[in-house]
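This report covers a single protein model, taking its side-chain contacts, its fold and its surface in turn. Please keep the sequence and the coordinates open while reading.

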Amino acid sequence: MSVHDELTSVQRCLEDLFRSIGRLEQQLGGSGLEIRRVRTDADHLRDSVALLRQAAASPAAPNRPDLVTISDAPYDLSLWTDTDDEGLGARDRRAP
């Protein structure tokens, strides 16, 4: 099955779920905390499926940054002149 077919199947199941929740609300009353939680969770599912449908519809793949190759060659020691060792201070002075 294609992604579109799967999403359509999920959408049909959600519609059945909402119909069932509506019948439960009529039988139990819509003011109970439990039925409100079920309704809220079903609404979240509907929103999530809508986001999935949008993501599946966009053909563009997410942009990945270009990989940067880091050489295994040692760094030039002149890069480290006049630097402080972390927590120790400058090389020619005593640590505090």
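Does R19 count as buried, partly exposed or exposed, and at what relative accessibility? R19 counts as partly exposed because its relative accessibility is 46%; buried means under 20% relative accessible area, exposed means over 50%, and partly exposed lies in between, with a 1.4 Å probe and protein chains only.

## Basis of the model

The model is predicted: local features need pLDDT of at least 70, side-chain atom pairs count only at pLDDT 80 or more, and totals for chains, interfaces and linings use all residues. Residues are numbered from 1 along each chain as its sequence is written, and side-chain values use heavy atoms, with hydrogens and water left out.

## Fold and overall figures

The protein has two helices and two strands, and from the N terminus on the order of elements is α-α-β-β. Helices (H or I, at least four residues) and strands (E, at least two) are DSSP runs, numbered from the N terminus. Helix α1 covers residues 3-28; helix α2 covers 33-57, and a loop lies between α2 and strand β1 (84-85).

Of the 96 residues of the protein, 8% count as buried. The accessible surface comes to about 8800 Å², with 55% of it belonging to carbon and sulfur atoms; such areas come from the Shrake-Rupley method with a 1.4 Å probe, and for residues only the protein chains shown count as cover. Among contacts (heavy atoms within 4.5 Å) between residues at least 6 apart in sequence, 49% join residues at least 24 apart.

## Salt bridges

The structure holds two salt bridges, a salt bridge being a side-chain nitrogen of Lys or Arg within 4 Å of a carboxyl oxygen of Asp or Glu. One of them joins D16 and R19, with the closest N and O atoms 2.1 Å apart. Both residues lie in helix α1, three residues apart, about one turn of the helix. D16 is partly exposed, since its relative accessible area is 40%.

E25 and R39 also meet through their side chains in a salt bridge, at 2.8 Å from N to O. E25 is in helix α1 and R39 in helix α2, so this pair ties together parts that are 14 residues apart in sequence. The relative accessible area of E25 is 23%, so E25 is partly exposed. R39 has a relative accessible area of 23% and is therefore partly exposed.

## Between the helices

I21 is found in helix α1 and counts as buried because its relative accessibility is 3%. Leaving aside residues up to four places away in sequence, I21 touches I35, V38, R39 and A42.

D43 has its place in helix α2 and, at 29% relative accessibility, counts as partly exposed. D43 and L14 are 29 residues apart in sequence, and their C-alpha atoms are 9.4 Å apart in space.

## Rings and the nonpolar patch

R46 lies over the face of F18, at 3.8 Å from the ring centre; a charge sits over a ring if NZ of Lys or CZ of Arg is within 6 Å of the ring centre and within 35 degrees of the ring normal. The structure holds zero aromatic pairs.

V68, I70, Y75, L77, L79 and W80 make a nonpolar surface patch of about 750 Å². Patches are made of residues with over 30% relative accessible area and no salt bridge, with like charges joined within 9 Å and nonpolar side chains (Val, Leu, Ile, Met, Phe, Trp, Tyr) within 5 Å. W80 lies in the loop between α2 and β1, and its relative accessibility of 39% is why W80 counts as partly exposed.

Definitions and conventions. Rings of Phe, Tyr and Trp (its six-membered ring) pair if their centres lie within 6.5 Å; planes under 30 degrees apart count as stacked, over 60 as edge-to-face and the rest as tilted.
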